[in-house]
Amino acid sequence: MDMNRRSVIRGAAGAAALTAFGVAEGAGTAFAATTSSSGTSTTTGKYSLEFDSSAWSYDSTNDIYYQIGRTYVTNPAASDYENLSIYVPGAYLTATVNSDGSTYTATVDQKGTVGKYSAATAPIVVPVNTPGYSAQSPATSYSYSNVSEHLAAGFIYVWPGMRGTSSSTSTLTGDAPWGVTDLKASIRYLRYNRSILPGNTDSIFLFGMSGGGAQDTVAGSSGDSPLFFPYLRSIGAAMDDAHGRPLSDAVAGVMAWCPITSLHEANLSYEWNMGQFASTDTRASGTWTSAYSTDLANAWAKYLNRLDLRDEHGRRLELTTSSSGVYLGGSYYEYLISVITTSLNDFLGYTTFPYTYTTQGGPPGSGSTGTSTTYETVADYFDYLNTDSTWAVYDSTTKTAKVLNLEGFVNSQKSASKPVGAFDGYSRGQTENGVFGLGLDTPKHFAPLTRDVIAANQTKYATYSDWESSYDAAAYDSDFAELDDIGKDVAWRVDAYNPLYFLSPAFGGYRQSQVAPHWRIRTGIMQGDTANTTEINVLLALQNYGIRNVDFATVWAMAHTQAEVDNGDPTTNFIDWVESSVTK
């Protein structure tokens, strides 16, 4: 059965948090589903869920079997997206050529091995390349270079298409939660066919960056969540196996670079972390948005204090008021400063001077480079860091640095690059307004925390000349009341896309899903795309949940990119991490 509107709140702290946040409430083998799928048939529809073992193609040069364009649901809403490709090292299959001379019928070779893996133990890796929560186009032709490193490591590579904001049309929507829904459906398809496919479906690892990192973070925290069931059923996903036993969409691991996630609170955290230190454009004195920025920052501190986050020693992390700035005190503030300090010291440990820094000239993959500056000595570098104020000091004896305050760091390294209302824009103009829209060119408000700040302060905002009545709380209420094609409101959809909804006892989805046991999170500490607190709170929530294998780093001198310590190679490091995770 579908979960009712989050009727269960975990504990008094959760109840208090939900009340204060203004957020509505809302699972043998390692990944056997633990939540009933109501026995709904998954074998009827336009397409079959049965994988065709007689339709393999073969790359004899590289010894790779592959299939492209396998539809993974029975009733796809967008068949041009809802299909996947699978790439398998040749050792894992025994094949015979078909009468057409170009395709093969193959069965799993239980004795075949690649390195340390067999057909039964090989990890399955799944890319989630959805910047800005866009669609991931499925493969339409074969290219070995796209998958070569993963296959050489003995992995099986599954590339699913999935809908997103860029796939919306005048008649079909790809907005949330369809991207993660399609991703989950592809995982269910693999488990439905696990008896005839090589690979260990208990070792499925997702990897993605930015919006892709966000969506694999959501998928990794929401395994088998009933919030997705009505969406999965509507497209004919594999809810049960051929014997009527529930299937799972939980995964073993998540690799997330710069995940733009926790959108329900992102407006608030952005202003507390960065916006409160800016004074230009929408944060210029005399604008209603400057007052709005301060109010959002204050609201975030109150929200944060109700999450009951703890550090590795069990110390409660919270913010307290400060003599200057907005809530720049308390154990959470100290923890954030320690994370920034660790990042800087790690950088100093692997960096040789003279050091040349080149700015990121454009988004990842753009091929654009920025300007370069060379710092001859560590002292020169710290002179640069402290150009406007002294916020970082270096001890040449111990060769370690100390970060003194958040304001200096932000003004030097992480200035706000987005306007106030960075995610749920007051005029619905931000990318994420489209993520929670209802189709092509229909952006919507989605953040109750933001709505509550507007409602509490709109009389004050109306005294500013740049305020418009269309920005008031009524606009949010109107959008919140609209239902999608499945009959769900925006609160349901936002919960489904909020990893903390599943990881934090402050929300009704706590311990109502199967959370991935292995995580690797890497971010560029300089990115202006989201607050430092975004990835830090996911880290803390995972650790507080009891997840032991969380490999986290926020990388100095890196922005919004596949950030790796010491300029390491993202693919190599991902492969190494998967290999270490499957042995734990």
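In the hairpin of β4 and β5, where 6 residues lie between the strands, Gly101 adopts a positive phi near 80°. The model is a predicted one, in which local features need pLDDT of at least 70 and side-chain atom pairs count only at pLDDT 80 or more, while totals for chains, interfaces and linings use all residues. Residues are numbered from 1 along each chain as its sequence is written, and side-chain values use heavy atoms, with hydrogens and water left out. Strands β4 (residues 93–97) and β5 (residues 104–108) run antiparallel and are joined by 5 bridges; two strands pair if DSSP finds at least two bridges between them. Within this pairing, Thr96 has Thr105 of β5 as its bridge partner. Element names follow DSSP runs numbered from the N terminus, with helices (H or I) of at least four residues and strands (E) of at least two.

Helix α16 (residues 532–545) comes next. Its 14 residues reach 20 Å from the first C-alpha to the last, close to the 20 Å expected at 1.5 Å a residue, the expected span being 1.5 Å times one less than the number of residues. The helix is mostly covered, with 12 of its 14 residues buried (under 20% relative accessible area; exposed is over 50% and partly exposed in between, with a 1.4 Å probe and protein chains only). Among the buried residues of α16 are Asn532, Glu535, Leu539, Leu540 and Tyr545. Just after the helix, Gly546 takes a positive phi of about 110°.

Tyr66 counts as buried because its relative accessibility is 16%, whereas Tyr142 is partly exposed, with a relative accessible area of 23%. An edge-to-face pair is formed by Tyr355 and Tyr381, at 5.8 Å centre to centre and 85° between the planes. Tyr355 lies in strand β12 (residues 355–360) and Tyr381 in helix α9 (residues 378–385), so this pair ties together parts that are 26 residues apart in sequence. Both Tyr355 and Tyr381 are buried. Ring pairs also link Phe347, Tyr350, Phe353, Tyr355, Tyr375, Tyr381, Phe382, Tyr384 and Tyr394 into a cluster. For these pairs, rings of Phe, Tyr and Trp (its six-membered ring) have centres within 6.5 Å, and planes under 30 degrees apart count as stacked, over 60 as edge-to-face and the rest as tilted.

Most residues other than glycine have a negative phi, and most peptide bonds are trans. A cis peptide bond joins Phe353 and Pro354, with omega about 5°, and Pro354 sits in the loop between α8 (331–350) and β12. Another cis bond joins Ala176 and Pro177, with omega about 10°; Pro177 is in the loop between β9 and α3 (178–192). Tyr327, a residue other than glycine, has a positive phi near 50° and lies in the loop between α7 (288–305) and α8. Ala557 likewise has a positive phi, of about 65°, without being a glycine, and is found in the loop between β17 (549–555) and α17. Tyr327 counts as buried at 17% relative accessibility, and Ala557 counts as buried at 13%.

Turning to open space, the largest pocket has a volume of about 800 Å³. Of the 35 residues that line this pocket, Val128, Asn129, Gly208, Met209 and Gln562 lie nearest its centre. Elements giving two or more residues to the lining include β8 (124–128), β10 (204–209) and α17 (570–581). The lining divides into 15 nonpolar, 16 polar and 4 charged residues, where Ala, Val, Leu, Ile, Met, Phe, Trp, Tyr, Cys and Pro count as nonpolar, Asp, Glu, Lys and Arg as charged, and the others, Gly among them, as polar. On a 1 Å grid over the protein atoms alone, a pocket is an open set of points with protein on both sides within 12 Å along at least five of seven lines, a cavity is a set where a 1.4 Å probe fits but cannot get out, and lining residues have an atom within 4 Å of a point. The largest cavity holds about 50 Å³ of space.

Technical notes
Points joined across faces, edges and corners; volume = space filled by probe spheres on them.
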